[in-house]
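Subject: The structure, plus some notes

Hi,

Here is the structure I promised to pass on. Have a look at it first, then read my notes below.

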Amino acid sequence: MTADGTRESPGGAHAHGGHGHGHGRGGLAHGHGDHAPVGRLTVALCVAVTVLVVEIVGAYATGSLALLTDAGHLLTDTVGLSIALLAARLMTRPADDRRTWGFARAEVLAAGAQATILLAVGLYALIEGVRRLGSPEPVAAGWLLVLGLIGLLGNAIGIAVLWSGRGANLNLRAAFLELVADALGSLAVVVAALVVRTTGWERADAVAGMVIAAMILPRAVTILRQSARVLLESTPTGLDLAEVRRHILEVPHVVGVHDVHASLIGTALPVITAHVVVTRECFDDGHAPQILDDLQRCVAEHFPVSIGHSTFQLEPPGHQDHEGHAHP
């Protein structure tokens, strides 16, 4: 029985949940047509490139590790924002017969790439910071202060631009958090400049560089883990499959459930599939469509993760015995 009520053979009856899914080219357009993130990311990228040029020149002129690290961090922000912008544009493309989910997973790949770059920058800054603690290098504190304030202002503008869309998906969240961390890095540069300027303690620059690295590394690891969970098609966080099975079994006329799989196509697109065993009479009295509605409503409303795209195969008792690939 399909989602539109069309009868199929009992042994291979499939039901596809269609809540919230429009039909575009290829029959599937999973709601990735929001162009707002593209505009926000474009503005943030322009600001980041401007500040990056200033910081690179400043790091060379002042000899500051803190500013060099912040420039390296901002370079990853710029590359990351470019990747994020590309991913956001790809995500607006509708699905087709070749890519049935469109480019929904582009945002996850982009976030993983950004986090990998951040990890490399953070490790470099830690190593170089330790070296400079032992052999401090002279720093032009006045210029360092001015450039740190410019970087802080630029990051504040970028944060304001991305603020409203920061929770839309992992791609935008990664871009937003990069700018927040870079703003904190610019603040560390300002503090280091003030310390060097007022006390002459040049190791403050190395300490600031290591502080920036310490902010970068945990965030990079977190985003990498989140990206890996999606790419490995792990069960969405907050969704208990044992509880899902229990709820499905409480639906009237359902006598069994197996091959339950739940994953994320993108951070905003959880999906679930399951083989549901119903009484044989359901295929004769036309009750299967009602069961399908109940199952879709169950997974969409009863759990912390609302699943709008569900695929259920309705089976008569005994069908599982000759499937040959059954899972829990």
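Let's begin with a question: why are Arg132 and Glu128 separated by about one helical turn? They sit four residues apart in helix H3 (residues 106-134), so about one turn of the helix lies between them. Before you go further, keep in mind that this is a predicted model.

**Salt bridges**

The side chains of Arg132 and Glu128 form a salt bridge, with 3.1 Å from N to O.

In total, the count is six salt bridges. Another one joins the side chains of Arg246 and Glu243, at 2.5 Å from N to O. Both residues belong to helix H7 (residues 241-249), where they are three residues apart, or about one turn.

Arg297 is partly exposed, with a relative accessible area of 39%. Asp294, with 19%, is buried, because the cut-off for buried is under 20%.

Some salt bridges also share partners: Glu128, Arg131, Arg132 and Asp205 are joined into one network in this way.

**Asp205**

Asp205 from that network lies in helix H6 (residues 203-231). With a relative accessibility of 2%, Asp205 counts as buried. What is it in contact with, once neighbours within four places in sequence are left aside? The list for Asp205 includes Gly63, Ser64, Leu65, Ala66 and Leu67, and also Arg132. Among the others are Val139, Leu144, Ala192 and Val196.

**Ile223**

Helix H6 also holds Ile223. Ile223 has 4% relative accessibility, so it counts as buried.

**Asp259**

Now for strand E2 (residues 254-266), which contains Asp259. Asp259 is buried and yet has no salt bridge. How far away is the nearest side chain of opposite charge? That is Arg245, at 9.3 Å from Asp259, whereas a salt bridge needs the charged atoms within 4 Å. The side chain of Asp259 does make a polar contact, at 2.6 Å, with the side chain of His258.

Last stop, the surface. Which residues make the nonpolar patch of about 240 Å²? Val49, Val53 and Val57 do. Val49 is placed in helix H1 (residues 36-62). Its relative accessibility is 36%, so Val49 counts as partly exposed.

Cheers

Methods: Residues numbered from 1 in each chain as written. Predicted model: local features only at pLDDT ≥ 70, side-chain atom pairs only at ≥ 80, totals over all residues. Heavy atoms only, no water. Patch = residues over 30% accessible without salt bridge, like charges linked within 9 Å, V, L, I, M, F, W, Y side chains within 5 Å. Areas by Shrake-Rupley, 256 points an atom, 1.4 Å probe, with all protein chains shown as cover. Helix = DSSP H or I, 4+ residues; strand = E, 2+ residues; numbered from the N terminus. Buried < 20%, exposed > 50% of the residue type's maximum accessible area, 1.4 Å probe, protein only. Contact = heavy atoms within 4.5 Å. Lys, Arg positive; Asp, Glu negative; His and termini not counted. Polar contact = N/O pair within 3.5 Å; in protein donor to acceptor, adjacent residues only side chain to side chain.
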